[in-house]
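User: I would like to go through this structure in questions and answers, with the cut-offs stated as we go.

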Amino acid sequence: MSEVTYYFLGFSAIYVLMGWALYLPYRVGQLHFLIVACMAISAYFGGYAAKEWDWPFVLVLISGILISTVIGFIFSLAIGKAPCFTVVIVGLTSVFIVKTTIENWKLLGGTIGFFHVPSVTNILFIMYFLLIITGFLIYRIDHSRLGRAASVVFVDREVAITLGVDIKKLGMFFQITACAIAGMAGVLDVFLVRSLSPEFFTFSMIGYLMCILFVGGHTTMWGVIPSAFLLQGIPLIFSSNIASWRQVIYGALLVIIILLRPEGMITRKMLWNMKPKVPQQAINK
Amino acid sequence: MEIFIAQLISGLALGSIYVLLVTGFNLMLLVAKIIQFAYPQIVVISMYTYWWVLQFSNNIFLVILAGLSVSIILSILSEPIFRKINSTPGVDINASFIASMGMAMIAMDIMSHSINYGFPVSFPYKWIGGSILSFGLITISKGQLFALGGGIIAVLIFFYLLYHTNQGRFFRAIAENLFAASLVGIPIIKTSIFSYLIVGILGGFSALLFSMLIGSASPWLGEFVALKMLAVSIVAGLGNLKGGLVCGLILGIIESIAIGYISGSWSNVIAFVVMLIVVLIRPQGLFGTKI
């Protein structure tokens, strides 16, 4: 496999995971950018533990997920049912604080970054295996009572409360799950690239994740998949001159999709229409 | 003590610019019903315009006119986009935030590619000016004086417009209840466009004061300012104009005092940590939301 294909497949998988991490809390109307901070913390922890303490990959992965889960849990206690923009600002400030901390911490390489993380054989295979498992779990959540409750919260919080939905617990559950997925994505990322830089976890990354979620479609979990692969492919499809303007392309896509198709490319209604219909004669019988 | 007083003055100057920014942001939120995350990018583009015109002209009025015009034009150009988004059935205020984030990405990338090869620009000394008053360690620069004085005057004019004119009454009526405002015959679209105009003026003026105070501009400045503006707005309570006034000043003071005592980029973190703690303790804001 060529290096380009290897990294394309690897990054696409990571961004599908991050897209799902953003998708889950948005089911209850919360844009949870804390996932980017969790990804950074788990990635740096994972990289450091593997390089300096010789921890095996499985232990690093579990620890990375646990750390992000704990962070997600602590924050969710305060913002479990907070309005969207409160959650947004908690996420944005956390990303900035984590990034500055990493930049000023010499142990983690400061602004230069962190290199020579040990390699893991078949990392791509492991990534796609974990991607399928995560996708299956999200599919089960989506089609469970929790998923239906989340849909009601998204449409009307007051109705959800009237129906007996505990919006705080539901919000906490989605936020914690999202942080756990982001932690996993962080560890996988560090073993894919084998180096880290604080410049990776910036406003651009948040914008990119927003683009993946909203261009693909925020009403189903499937929208993130084509969107992550397509957007990751932009630098490969276009010449380097055009590809260097990819932030403009992502930004324009975000504006256009909100203007023309606010639910994104793949919508729930579209999936519903694709389901095989029971013939009218069978119903009459 | 002298360091503290010097940083306090600097903080008040910086805070008065934050107040202007948050006021513009809140006006958009209350009247146009949008979260304009790209507003600080308009401010930065306006700063670049001041810098660019200063390369060719020494005429201060021409420079100010150019910067203000760019800010007003960009603000008004975004109006049809947000109107279209708001009129789409089933779309809430989050959509305007997402679209404006896209706009911010476009603006930032264009600035980092096209202007001065992406490097930060510095304003000439004649623009920033030197120190006007000096007592020991306490120094008041021309930029600080203009930022503080200009900020106070702009806010006073804005609040006069809001509470003592018909247009201001229209703004407040729409902010309270859009449907009821339309029932009594308030021209909703016209008032909304007027709010974009006011926000454009506030943005251009903030850019003017910012450029005089910090003396430089970079493509990434908008990102930091957007973060601070949104944070102040949420800490104060979304749409709370008076809360934004208090919290904007407090942020400026905290930031400046942190710069005085803590080295490097940690000083910025202090302000964000304080805001994060406040938001975690009171997610609805200190003064309550108005939307």
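User: Leaving aside its neighbours within four places in sequence, with which residues is B:G288 in contact?

Analyst: This is a predicted model, in which local features need pLDDT of at least 70 and side-chain atom pairs count only at pLDDT 80 or more, while totals for chains, interfaces and linings use all residues. Residues are numbered from 1 along each chain as its sequence is written, and chains are lettered from A and ligands numbered from 1 in the order in which they are written. B:G288 is found in the segment after α12 of chain B, where helices (H or I, at least four residues) and strands (E, at least two) are DSSP runs numbered from the N terminus. With contact taken as C-beta atoms, placed from the backbone, within 7 Å of each other, and with neighbours up to four places away in sequence left aside, the partners of B:G288 are B:G237 and B:N240.

User: Is B:G288 buried, partly exposed or exposed?

Analyst: A residue is buried if 20 or more other C-beta atoms, placed from the backbone, lie within 10 Å of its own, exposed if 12 or fewer, and partly exposed in between. B:G288 has 13 C-beta neighbours inside 10 Å, so B:G288 counts as partly exposed.

User: What separates the C-alpha atoms of B:G288 and B:G243?

Analyst: Along the chain, B:G288 and B:G243 are 45 residues apart.

User: Is A:H32 buried or exposed?

Analyst: A:H32 sits in the loop between α1 and α2 (34–52) of chain A, and, not counting residues up to four places away in sequence, A:H32 touches A:L22, A:P25, A:V87, A:G91, A:Q175 and A:A178. The C-alpha atom of A:H32 is 8.3 Å from that of A:C84, which is 52 residues away along the chain. Because 29 other C-beta atoms lie within 10 Å, A:H32 is buried.

User: Which helix gives the most to the side of domain 1 of chain A that touches domain 2 of chain A?

Analyst: The domain bounds, which come from an automatic or database domain assignment, are 3–200 for domain 1 and 202–274 for domain 2 of chain A. Between these domains, 21 residues of domain 1 of chain A are in contact with 17 residues of domain 2 of chain A, and α1 (3–26), α4 (84–104) and α5 (123–142) of chain A each supply at least two residues of the domain 1 side. That side has 16 nonpolar, two polar and three charged residues, with Ala, Val, Leu, Ile, Met, Phe, Trp, Tyr, Cys and Pro counted as nonpolar, Asp, Glu, Lys and Arg as charged, and the others, Gly among them, as polar. With 12 residues, the helix that gives the most is α1(A).

User: Which helix gives the most to the side of chain B that touches chain A?

Analyst: In this interface, 37 residues of chain B are in contact with 32 residues of chain A, and α3 (60–87), α4, α10 and α12 (266–281) of chain B each supply at least two residues of the chain B side. By class, that side has 27 nonpolar, seven polar and three charged residues. The helix that gives the most, with 13 residues, is α4(B).

User: How are α4(B) and α10(B) oriented to each other?

Analyst: Axes are lines fitted to C-alpha atoms, for helices over the stretch in contact, and angles run from 0 to 180 degrees between N-to-C directions; angles under 35 degrees count as roughly parallel, over 145 as roughly antiparallel, 65 to 115 as roughly perpendicular and the rest as oblique. The axes of α4 (residues 93–114) and α10 (residues 221–236) of chain B come within 10 Å and cross at roughly 150°. B:A104, B:A107 and B:M108 in α4(B) meet B:G222, B:E223 and B:A226 in α10(B). The two helices, α4(B) and α10(B), are therefore roughly antiparallel.

Note on methods: Contact = placed C-beta atoms within 7 Å.
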